[in-house]
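Please keep the sequence and the model in view while reading.

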Number of protein chains: 2
Amino acid sequence: MKMTSQRQVILEELRKVTTHPTADEVYRMVQQRLPRVSLGTVYRNLEMLSQTGIIGKIESPGAPMRFDWNVAPHHHVRCQRCGRVGDLHLHLPETVPGMDAFLGVRDPKSGFVLTGYQVELVGLCRSCYDQMQVSPKDMD
Amino acid sequence: MKMTSQRQVILEELRKVTTHPTADEVYRMVQQRLPRVSLGTVYRNLEMLSQTGIIGKIESPGAPMRFDWNVAPHHHVRCQRCGRVGDLHLHLPETVPGMDAFLGVRDPKSGFVLTGYQVELVGLCRSCYDQMQVSPKDMD
DNA sequence: ATGCCTGCAAAGCCTTTGCATCTGC
DNA sequence: GCAGATGCAAAGGCTTTGCAGGCAT
């Protein structure tokens, strides 16, 4: 993979932030420096960079994908209210004890063989938490 | 919520299968009995039925939502190859020991308060498993 | 010259929504 | 007659893709 200038700028911009931006947010950041860049190029490059393990991709249901320059293993929390994603620094259990014994096992009823699992964390970012304190009726 | 005939048929058709169909699959099943039903109605009713807890909704990133008549708590596995979802009958750990201690806690660095977590399981359905045995190069 | 990359625009996929009409109480 | 539900079609949000031209080797 050659490091074109677009690719380089995309990577640099991503590395400036800790907010796990969406493709569109990256696009807008990159646009400041490369006004003629296209959204398609941003998508293509983010995809390529994440495929090669240079950056991370964070996917969750019903929400646009987000990207992370930090590929070291760490937990993410997604705000259940606004969708923001944060890095978790609490020391959480990394694995579910006893779960690994099930990997590779075929469930007799469904016929599925288990290959992996992951723990998804949800929470409230500071501003959403504060807003909910103010108006509890906004809860859903 | 009134039980219209469309709603009733949607529920009945969903209850006939164990495949966790997508909205579109439900639509096609319902169409056999109500040829003039609309996709929008199917979406609206599936949403309403799941909001009220009569059926379950299964969401995962990059895949269409799926629905489940069985609202009793149970695990799902998603086939990493074809997206099919199965019910897991293996007796898995229900919770991550020690994790609950973190609920309600604010992570100092990110500022997020943890509110919940869930374990996602991935695997291979029988037919994808078999196909991968035949042509290992299809793996990704 | 070649092969990868880009900008642009269009299409794609899934889901939601506006609106006029219809239904059942 | 009214509230709520429907069919239809259009729009919406996000992502991918086809294509013609560009750039570096």
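## Loop, DNA surface and chain contact

In chain B, the loop between α1 (5-16) and α2 (23-33) holds B:H20; helices here are DSSP runs of H or I with at least four residues, strands are runs of E with at least two, and both are numbered from the N terminus. The model is predicted, so that local features need pLDDT of at least 70 and side-chain atom pairs count only at pLDDT 80 or more, while totals for chains, interfaces and linings use all residues. Residues are numbered from 1 along each chain as its sequence is written, chains are lettered from A and ligands numbered from 1 in the order in which they are written, and side-chain values use heavy atoms, with hydrogens and water left out.

Although B:H20 is not a glycine, its phi is positive, at about 55 degrees. With a relative accessible area of 2%, B:H20 is buried, a term that means under 20% relative accessible area, with exposed meaning over 50% and partly exposed in between (1.4 Å probe, protein chains only). In chain A, A:H20 likewise lies in the loop between α1 (5-16) and α2 (23-33), has a positive phi near 55 degrees, and counts as buried because its relative accessibility is 2%.

The helix α2(A) has as its buried residues A:A23, A:V26, A:Y27, A:M29 and A:V30. These buried residues pack against α1, α3 (39-51) and β2 (63-68) of chain A, where contact means heavy atoms within 4.5 Å.

DNA strand D is surrounded by 16 residues, the closest being A:Y43, A:M65, B:T4, B:R36 and B:T41; a residue is near the strand if one of its heavy atoms lies within 4 Å of it. Of the atoms of DNA strand D that come within 4 Å of the protein, 76% belong to sugar and phosphate. The table lists individual polar contacts, which are pairs of N or O atoms within 3.5 Å; within protein, one must be able to donate a hydrogen and the other to accept it, and residues adjacent in sequence count only if both atoms are side-chain atoms.

| Residue and part | Atom of DNA strand D | Distance |
|---|---|---|
| B:T4, side chain | phosphate oxygen | 2.8 Å |
| B:S38, backbone | phosphate oxygen | 3.2 Å |
| A:R44, side chain | base oxygen | 3.3 Å |

Two or more residues each are given to the surface near DNA strand D by α3 and β2 of chain A and by α1 and α3 (39-51) of chain B. The largest share of that surface, four residues, comes from α3(A).

Between chain B and chain A, 46 residues of the one are in contact with 46 residues of the other. The two chains bury about 3,800 Å² between them, 70% of it on carbon and sulfur atoms; buried area is the accessible area (1.4 Å probe) that two parts lose on being put together, summed over both. In chain B, the residues that lose the most area to chain A are B:L90, B:F112 and B:R126, together 16% of what that side buries. There are 16 residue pairs in polar contact between the chains (both at pLDDT 80 or more). To the side of chain B that touches chain A, β5(B) gives the most, with twelve residues.
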